Amino acid sequence: MNQITNTIIMIRPAKFRMNEQTAINNYYQNSGDISIAEATNKAQQEFDAFVKTLTDKGVHIIIIDDILENDTPDSIFPNNWISFHENGNIGLYPMFAINRRRERRPEILDRIEESGFRIKNVIDYTAAEEEEIFLEGTGSIILDRENRKAYCALSPRADEELFIEFCEDFEYTPVIFSAYQTVDGDRLPIYHTNVMMSIGETLTVVCLDAIDDKKERKNLVNHLKNDHKTIISITEEQVNNFAGNMLQVIGANGDRYMVMSTAAYNSLTTHQINTIEQHCSIIHSDLGTIEKLGGGSARCMMAEVFLPKN
C-alpha cells in the first residue's frame, strides 16, 4: 500500500464565500468584510497559483470546475465528501452542512474514470445524514494506508460508530481520540482531524497539546512510534495558522513534497522546517482568503486518488 500519491483532484470554486452553515462548529472561519464576487475572485487566484505550484513540481492535478448554480461555497474542499482507495473502492461521506451535500456530483466519478482510473465499488455512507450522523471523509479521518490505521478526533462531524463501520469496511484499525481548541476561554472540539494532524510516509505532524486526555495522547504517540514515524509536535497557535493541514505528495521522478500554505510555513520553527526537510522538500502557496473565509487550507483542497489505473 502506498501512503502518498501523485494524482490529486481539486475543485475550482465558482461562488466562494464564508459558509454560514459550517461556521457553527468551524471556529477557524472569519467572515471578513468582502463581497462574494471579490471573495470568489481572490479564491480563484489563490487556487490557480496553488495548482501551478503543484504542477510545476510534477504533481498530476485533475481540475474540476464547481457549478455556479449549485451555490456550494465549500466545494473547494472535496476531500470531505469522497475518498479513493488502491483496491478500487471509493467512499462517499455524510456531510454536516446541508449546502455541502450538493458537492457530491456523479459526473465527477465519470471524469475520474475518463482520466484512466478504475472504480470498482462505491461504499456510500450518506444515508446517515437522515439521522444527523456525520463523518466527513479525510477531513475527519487521517489514514495511515501503509500500516492500515485510521486516526479520528471525534466531533460533531465525526461520529464514533460510523467511523468504526468505515474501519471495518475498509480494513483499518481505528485510533480514536478527542482534540480541542480554545475558543473564548472554552475548550471546544476541533471540527476536523486534518486541521491538527497529518501523516506522511515517515513523519507525522500533530498537535499533541490539543489532546487533553493523557491516555488518549499516549495511545496516539505509541501507535506513531510503533510505526516508526518521526513526530513533529506543533502548537495550538500553529494549528490556528493551518500548520496541521498539510499533505505529502509525489512529484516528478518520484520526488516527495510536503504541501502546505504559506501561513502554515511561516508559523513553523526553523527546527520543524529542518526536520520536515530531512524527509522531503516543502512547497507552500498563499491561501489567505481561502483560509480566512473557508476555515480550511492546503490539505482540505486536495482529494488524493489511489485508484488502480485501467
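Visitor: What makes E11 and strand E12 (residues 203-206) a pair, and in which sense do they run?

Guide: Two strands pair if DSSP finds at least two bridges between them; E11 and E12 have 3 bridges, in the antiparallel sense, so they meet that criterion. Within this pairing, isoleucine 199 has threonine 204 of E12 as its bridge partner. The model is a predicted one, in which local features need pLDDT of at least 70, side-chain atom pairs count only at pLDDT 80 or more, and totals for chains, interfaces and linings use all residues. Residues are numbered from 1 along each chain as its sequence is written, and side-chain values use heavy atoms, with hydrogens and water left out.

Visitor: Why are strand E11 (197-199) and strand E13 (230-233) said to stand at the edges?

Guide: The open sheet has the order E11-E12-E13, with mixed pairing; E11 and E13 each have a single partner strand, so one side of each is left without a neighbour in the sheet. Each strand here is a DSSP run of E of at least two residues, numbered from the N terminus.

Visitor: How do you know that Helix H8 (residues 270-277) packs on the sheet?

Guide: H8, a DSSP run (H or I, at least four residues), touches E12 and E13, where contact means heavy atoms within 4.5 Å. The direction of H8 makes about 155° with that of E13, on a scale from 0 to 180 degrees between N-to-C directions of axes fitted to C-alpha atoms, for helices over the stretch in contact.
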